[in-house]
Amino acid sequence: MASHSDTLVVFFGATAGANGGKLGSDEREIILLVWQIVDLHEKKVGKLQRRLVKPDSLELTDQSKEETGLSVEELYKAEPLDKVLQQFQQSVSAELKALGRSSYTLCVDGPLIIRQALHPEASKKNLVLPECFYSFVDVRKEFHKCCPNAGQVQDLTLHSMLEYVCIPELPLSEQVMGLKEVRCMVQLSLHILAEPYNHKFSCFEAVKYKLESGACSKTEPVDSETVIRARGLPWQSSDQDISRFFKGLNIAKGGVALCLNAQGRRNGEALVRFINQEHRDLALERHKHHMGSRYIEVSIRITQQPLRTSNEVAQFLSKENQVIIRMRGLPFTASPQDVLTFLGADSPVTDASDGLLFVKYPDGRPTGDAFVLFSCEEYALNALKKHKQILGKRYIELFRSTAAEVQQVLNRYMSTPLISTLPSTSMVPMPVLATPPYLATGSTRDCVRLRGLPYTAAIEDILEFMGEHTIDIKPHGVHMVLNQQGRPSGDAFIQMRSADRAFMVAQKCHKKMMKDRYVEVFQCSTEEMSFVLMGGTLNRSGLSPPPCKLPCLAPPAYAAFPSPAMLSEAALYQPPLLATPRTPQPPHSPHPTPTLAYYPPQHHPAQLYMNMNMNYTAYYPSPPVSPSTMSYFASPPGSVALAAQQPHPQGHVASPMMPQHGALVRMQGLPYNAGVKDILSFFQGYQLQPDAVLLLYNFSGQRSGEALITFPSEESARRAVAERANHPLSGLPVRLLVCCD
């Protein structure tokens, strides 16, 4: 209520669980409400009102029974919360009319009954609270304002405040829970209103009606003491759902940031920023409270996450009270007019094309994502009805989105790619094949993909899951997919004996349970399987390319060589990366040096993958190199020379994948659209061939702005560096370094 209120309604409540300083921390329902009116002008009090509240769950903790003195039988006869709140309004309105007053404000002993009990419970029960419950005064803060020497606000209690102003305790006969607290607050309020304090209640606290949408400015400071991390959110939850979970607490404008995983999808976590530390501390008390049937973990934020946004996003989100929809899978040639036509007249976009935000890569290439603003819920619902309808030759996915997701997706795609850094050791450029020579590819859909596996799932679990279809699996045809940290990703591929068998498995095992989780089963081809195992992704919208888009740069987890004597394992990989490396010695090899995942040619191609005895190999991540470069590997000094001295077994020919003789020059600062022809033109006159240029890519599949160039000799490399260093290429100065002699 406004600060000119002429009446206080002293208000108290208790729950079926914890009360006092832990009120509302256990999600238990309200079972008792007590109130009394205080006329601020006449210093008069109204009738003391006490109402029992019937909870949905008629269960009381022993502590609550002892403190309130209530029983389940008494509560069973009481009215539910919505009826009691109606009685509260009617009672207060009648007394105000009798006193000739027009407005009132709630007065409570601490904010817990309003913020932690009443608002959360009303939100879960879809009750609309009266306006009076969105503003209140805290008797502790009012008392501290007129008696600052009484102690800190958080340390004050009704007993200590009464003792400080020398007001005697109530008789034991009147110390009934609820009645006692309200009488003490009334006495305290009347005392500080009188001489010598003449206090005026002015510290009005507000409860926000709804979350304010928007984005934080980059210049706006963010206090880390006001931010929490929420984990375990349903994947479809929005910022409004999170705001509802924290109902009663005031979240800062645009203060909900939904976190995304490496694929740009929501990962069930969010960062929430509150207006101050007091609200943050109250939010931490909701640890393991429920959102629907799931409990949410609430903790202090540990790692930094983007809570700020660029000017472009801020301009897009400057229009308030807009509904945001995310579109995914747009054709790269789609224009704003194409999108507006696709959405149609029944879902007009706010400000037409100005209400569209296309997501692009740093070099201006479209990503296929866009965000759309709608002025009302009706228009947004009409747009969502077009989910998976066709635009051009592609079906378009539409989802509800949030302001936080907009800025995170933009930050993800528009951030400058990491600049790769060469290790101090000599570097060996290692072109590899796009598809491992040991994995046959084809369009026959004789494989199945398992998605959503428990992270603890082993081969035994998969075989048990497959049931009677296990006999149709090819020998060594189970392939687990690992993530970038080398841990199970929840995906697996299984090669079946025929496409018909794969179809049957997909039909019968789809959404079958494994360890309390349902697993999705899709039929796919060997080509699609190998694509994923090489680092790409297989989504409902089609294939997404692996981190390195050039065929000669695709990063295999293991390389297969014609001869084990070509390179030593130490020359390419660090030992910890190999999950279970097999090192059989070829019968004719005179050197017992361990080789890099070498398999004799007589082995079946499927033996390179996980077999029925759980002897499996990690396909991902790629070998440990620079954080952003995936096209060359570090080798210890002399390893290449040692490998070159190894005699090749009879019948084997030296691999063309060995680095050419000469000197490597590293180019930095390349434009992201620069190609091989541009680099050859830059070095015109040095007699370079196209295969001497190696463009480097980062983990997101974007060019890193660097390249390696093989020169015929050290002399020509050093001359090129001296003559062409810092010369511009497409307007940008390029830096040149000799990497190895």
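This is a short walk through one predicted protein model, from the whole chain down to single residues.

Start with the chain. It has 741 residues, and 50% of them count as buried. The secondary structure comes to 19 helices and 32 strands. Now take contacts with a sequence separation of 6 or more. Residues 24 or more positions apart account for 72% of those.

Next, the cores. The largest nonpolar core has 48 residues. Which residues have the most contacts inside it? They are Phe11, Leu33, Phe88, Ile114, Phe133 and Phe246. There is also a second, separate core, with 35 residues. Phe12, Ala16, Met161 and Val165 are included in that one. As background, nonpolar side chains in soluble globular proteins tend to be buried together.

Stay with Phe246 for a moment. Set aside its neighbours within four places in sequence. Phe246 then touches Ile228, Ile251, Val272, Phe274, Ala283, Arg286 and Val298.

Is Lys247 buried or exposed? Its relative accessible area is 16%, under the 20% cut-off, so Lys247 counts as buried. What does it touch, again leaving out neighbours within four places? The contacts are Arg115, His119, Pro120, Ser123, Tyr134, Lys208, Tyr209 and Arg286. Look at Ser123 in that set. Ser123 and Lys247 are 124 residues apart along the chain, yet their C-alpha atoms are separated by 7.0 Å.

Now the second largest pocket. It holds about 1000 Å³ of space. Which elements each supply at least two lining residues? They are β1 (7–15), α4 (112–124), α5 (139–146), α6 (158–164), α7 and α9 (277–284). By class, the lining has 16 nonpolar, 12 polar and 12 charged residues.

One of those elements is α7, so let me take that helix by itself. It has 15 residues. At 1.5 Å a residue, α7 should span 21 Å. Its end C-alpha atoms are 21 Å apart, so the two values agree. Which residues of α7 are buried? Leu179, Glu181, Val182, Cys184, Met185, Val186, Leu188, Ser189, Ile192 and Leu193. Keep the geometry in mind here. An α-helix has 3.6 residues a turn, so residues three or four places apart point the same way.

The peptide bond from Glu195 to Pro196 is cis, with omega near 0°. Pro196 lies in the loop between α7 (179–193) and β7 (204–206).

Lys43 has phi near 55°, a positive value in a residue other than glycine. Its place is the loop between β2 (30–39) and β3 (44–45). Then Lys388, with a positive phi of about 70°, and again not a glycine. That residue lies in the loop between α12 (377–384) and β16 (389–391).

How accessible are they? Lys43 has a relative accessible area of 39%, so it is partly exposed. Lys388 is at 39% relative accessibility, and therefore also counts as partly exposed. Lys247, by contrast, is buried at 16%.

Note on methods
Residues are numbered from 1 along each chain as its sequence is written. This is a predicted model: local features need pLDDT of at least 70, side-chain atom pairs count only at pLDDT 80 or more; totals for chains, interfaces and linings use all residues. Side-chain values use heavy atoms; hydrogens and water are left out. Helices (H or I, at least four residues) and strands (E, at least two) are DSSP runs, numbered from the N terminus. Buried means under 20% relative accessible area, exposed over 50%, partly exposed in between (1.4 Å probe, protein chains only). On a 1 Å grid over the protein atoms alone, a cavity is a set of points where a 1.4 Å probe fits but cannot get out, and a pocket is an open set with protein on both sides within 12 Å along at least five of seven lines; lining residues have an atom within 4 Å of a point. Grid points are joined across faces, edges and corners, and a volume is the space filled by probe spheres set on the points. Ala, Val, Leu, Ile, Met, Phe, Trp, Tyr, Cys and Pro count as nonpolar, Asp, Glu, Lys and Arg as charged, and the others, Gly among them, as polar. The expected span of a helix is 1.5 Å times one less than its number of residues. A nonpolar core is a set of buried Ala, Val, Leu, Ile, Met, Phe, Trp, Tyr and Cys residues joined through side-chain atoms within 4.5 Å. Contact means heavy atoms within 4.5 Å.
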